[in-house]
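Welcome, and please take a moment with the sequence and the model below. The briefing after it goes topic by topic.

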Amino acid sequence: MLVLVIIQFFGIEKNNNPIASKNAIEEHYSVPPKIQQLLKTSCYDCHSNNTTYPWYSNVQPVKWWLDDHIRDGKKHLNFDEFNTYTIKKKLHKLDEVVETINKDEMPLTSYTLIHDNAKLSATDKKEVEAWVNELKKEIR
């Protein structure tokens with residue numbers, strides 16, 4: 001019990017950057033409002049530079065667990081740094097977006113258990129896939 005109390009004093013650097021990145025995907029490519037909202041609701045907490053933290057993120061060891069997920073998510077894909085990627089990497093990451101949402105690997109089940117609104121419907125997935133296919137043409 002004492003350990004649980006002590007670890008509460010160990011913080012993390014939160015992933016909060018209210019200033020929009022000049023490298024954000026929407027700063028360089030067409031992102032329709034519906035797609036932007038889907039990305040924000042279902043992806044950006046772990047795949048951008050600005051996470052909306054729930055109340056329980058202030059409790060250790062959950063704080064560390066969430067921080068690890070966010071760091072890992074940003075390592076794989078960061079929509080706020082998308083324009084820093086090479087063309088080849090951009091195209092690959094977009095393919096991964098479609099693949100992971102169609103396999104129901106993203107958003108993570110552990111995330112959608114608490115964030116029910118982050119679940120993507122079949123229609124949402126088709127719309128994201130159509131947007132990705134158009135975006136890939138724009139990038140090439």
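**A first look**

Asn117 is exposed, with a relative accessible area of 57%; here buried means under 20% relative accessible area, exposed means over 50%, and partly exposed lies in between (1.4 Å probe, protein chains only). This is a predicted model, in which local features need pLDDT of at least 70, side-chain atom pairs count only at pLDDT 80 or more, and totals for chains, interfaces and linings use all residues. Residues are numbered from 1 along each chain as its sequence is written, and side-chain values use heavy atoms, with hydrogens and water left out.

**The chain as a whole**

- The protein chain has eight helices and zero strands; helices (H or I, at least four residues) and strands (E, at least two) are DSSP runs, numbered from the N terminus.
- Along the principal axes, the C-alpha atoms of the protein chain fill a box of roughly 55 × 30 × 25 Å.
- Buried residues make up 41% of the 140 residues of the protein chain.
- Take the contacts between residues at least 6 apart in sequence: 77% of them join residues at least 24 apart, where contact means heavy atoms within 4.5 Å.

**Helix 3 against helix 8**

- Helix 3 (residues 33–42) packs on helix 8 (residues 122–139) at an angle of about 115°, and their axes are 10 Å apart. That makes helix 3 roughly perpendicular to helix 8.
- Axes are lines fitted to C-alpha atoms, for helices over the stretch in contact, and angles run from 0 to 180 degrees between N-to-C directions. Angles under 35 degrees count as roughly parallel, over 145 as roughly antiparallel, 65 to 115 as roughly perpendicular and the rest as oblique.
- The crossing of helix 3 with helix 8 is left-handed, a label used if the near helix is turned anticlockwise from the far one by less than a right angle (right-handed if clockwise).
- On the helix 3 side, Lys34, Ile35, Leu38 and Leu39 meet Asp124, Glu127, Val128 and Trp131 in helix 8.
- The residues of this contact between helix 3 and helix 8 comprise five nonpolar, no polar and three charged. Ala, Val, Leu, Ile, Met, Phe, Trp, Tyr, Cys and Pro count as nonpolar, Asp, Glu, Lys and Arg as charged, and the others, Gly among them, as polar.

**Helix 6 against helix 8**

- The axes of helix 6 and helix 8 cross at roughly 170° and come within 10 Å, which means that helix 6 is roughly antiparallel to helix 8.
- From helix 6, the residues in the contact include Ile87, Leu91, Leu94 and Val98, while those from helix 8 include Val128, Val132, Leu135 and Ile139.
- Sorted by class, the contact of helix 6 with helix 8 has ten nonpolar, one polar and five charged residues.

**Loops and backbone features**

- Pro61 lies in the loop between helix 4 (44–47) and helix 5, and a cis peptide bond, with omega about 5°, joins Gln60 and Pro61.
- Pro107 sits in the loop between helix 6 (87–102) and helix 7 (109–112). The peptide bond from Met106 to Pro107 is cis, with omega near -15°.
- Asp104 is also in the loop between helix 6 and helix 7, and Asp104 has a positive phi of about 60° although it is not a glycine.
- Asn117 belongs to the loop between helix 7 and helix 8. Asn117 is 96 residues from Ser21 in sequence and 25 Å from it in space, C-alpha to C-alpha.

**Residues linked across the sequence**

- Asn17, in the loop between helix 1 (2–7) and helix 2 (25–28), is partly exposed at 36% relative accessibility.
- Leaving aside neighbours within four places in sequence, Asn17 is in contact with Asn49 and Asn50.
- Asp72 is found in helix 5 (residues 62–76) and is partly exposed, with a relative accessible area of 34%.

**Cysteines**

- How many disulfides does the structure hold? The structure holds zero disulfides, a disulfide being a pair of cysteine sulfur atoms within 2.5 Å.
- Cys43 is in no disulfide, and the nearest cysteine sulfur, that of Cys46, is 9.4 Å away, too far for a bond.
- Cys43 is buried, with a relative accessible area of 17%.
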